[in-house]
Amino acid sequence: SLGSWVTYGLGSENQNLPGFVVMTPFGYPTAGAQSWTSAFLPGVYQGTFIDPNETDVERLVHNIRNNNLNRRYQQKRQEESVIEAQIQSYELAFRMQTEAAEAFDLSKEPEHIRKQYGGSAYGRQLLLARRLLERGVRFVQCWQGKGQPWDSHDNLPRHHRNLARITDQPIAALLEDLKQRGMLDDTLV
């Protein structure tokens, strides 16, 4: 995954937020978390799944409070690097509690900015992405819709026209917002 490599190579600018965030607004895509794994890089570089429809910090990252249980489980299975990656993800999730509540609180944004992005799940997701980028998250991967809606195999003009209609305003808002904040030159969209 590109996000894993970017985080591995450049590190993170904020130790209290993940370097690589993945937002899918209606659950996992067809291939699940495999879509943002770190392959042969250490698991700590894989994407951290966030459901942008959740506003409660406790629900943003699953299993945020079970770290002691995870450590006991890992001690019995020393050879499993996946467990270490999960524990590191949960420790990051714990640190996120200090910053995530503020970062994910869209009510802190002026009304005109929220309106600019629109009220759709995708609009909220891109506004969250901008807020995370401002706070030092290195790589934000945004998925649209349930499953993989852009992977259509029939009636392409109708399906893609509808999907484009949903994404057009939020993407334009993100680009304009990044430009106004002086972040567009440093951000690959």
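Glutamine 148 counts as partly exposed, at a relative accessibility of 31%. The model that holds this residue is predicted. Seven helices and three strands make up the protein, and along the sequence they run in the pattern α-β-β-α-α-α-α-α-β-α.

**Glutamine 148**

- Glutamine 148 sits in the loop between strand 3 and helix 7.
- Beyond its neighbours within four places in sequence, glutamine 148 is in contact with Pro29, Thr30, Ala31 and Trp143.

**Overall packing**

- The protein has 189 residues, and 41% of them count as buried.
- Taking contacts between residues at least 6 apart in sequence, 67% join residues at least 24 apart.
- The accessible surface amounts to about 10,800 Å², and carbon and sulfur atoms account for 51% of that surface.

**Methionine 23 in strand 1**

- Methionine 23 is part of strand 1.
- The relative accessible area of methionine 23 is 0%; a residue is buried under 20%, so methionine 23 counts as buried.
- Leaving out neighbours within four places in sequence, the contacts of methionine 23 are Ile50, Pro52, Gln125, Leu128, Ala129, Leu132, Val140, Gln141, Cys142 and Trp143.
- Trp143 is in contact with methionine 23, and Trp143 is also in contact with glutamine 148.
- Between the C-alpha atoms of methionine 23 and tyrosine 122 there are 9.7 Å, with 99 residues separating the two along the chain.

**Helix 1**

- Gly3, Ser4 and Thr7 are the buried residues of helix 1.
- Viewed down the helix axis, the buried residues of helix 1 fall within an arc of 100°, and therefore they line one face of the helix.
- The cover over these buried residues includes strand 1 (20–23) and strand 3.
- On the face turned away from the buried side, helix 1 carries the exposed residues Leu2, Gly9 and Leu10.
- Glycine 11 follows helix 1 and has a positive phi, near 75°.

**Largest pocket**

- The largest pocket holds about 770 Å³ of space.
- It is lined by 24 residues, of which Leu133, Val140, Thr187, Leu188 and Val189 are the closest to its centre.
- Helix 1 (2–10), helix 6 (121–134), strand 3 (139–142) and helix 7 (156–180) each contribute at least two residues to the lining of the largest pocket.
- By residue class, the lining of the largest pocket consists of 17 nonpolar, four polar and three charged residues.
- Val140, among the residues closest to the centre of the largest pocket, is also a contact of methionine 23.

- Alanine 39 has a positive phi, near 55°, although it is a residue other than glycine.
- Alanine 39 lies in the loop between strand 1 and strand 2 (48–50).
- With a relative accessibility of 62%, alanine 39 counts as exposed.
- Asparagine 155, which is not a glycine, also has a positive phi, of about 45°.
- The position of asparagine 155 is in the loop between strand 3 and helix 7, the loop in which glutamine 148 is placed.
- Asparagine 155 is partly exposed, with a relative accessible area of 41%.

Definitions and conventions:
Residues are numbered from 1 along each chain as its sequence is written. This is a predicted model: local features need pLDDT of at least 70, side-chain atom pairs count only at pLDDT 80 or more; totals for chains, interfaces and linings use all residues. Side-chain values use heavy atoms; hydrogens and water are left out. On a 1 Å grid over the protein atoms alone, a cavity is a set of points where a 1.4 Å probe fits but cannot get out, and a pocket is an open set with protein on both sides within 12 Å along at least five of seven lines; lining residues have an atom within 4 Å of a point. Grid points are joined across faces, edges and corners, and a volume is the space filled by probe spheres set on the points. Helices (H or I, at least four residues) and strands (E, at least two) are DSSP runs, numbered from the N terminus. Ala, Val, Leu, Ile, Met, Phe, Trp, Tyr, Cys and Pro count as nonpolar, Asp, Glu, Lys and Arg as charged, and the others, Gly among them, as polar. Buried means under 20% relative accessible area, exposed over 50%, partly exposed in between (1.4 Å probe, protein chains only). Contact means heavy atoms within 4.5 Å. Accessible areas come from the Shrake-Rupley method with a 1.4 Å probe; for residues, only the protein chains shown count as cover. The arc is that of the directions from the helix axis to the C-beta atoms.
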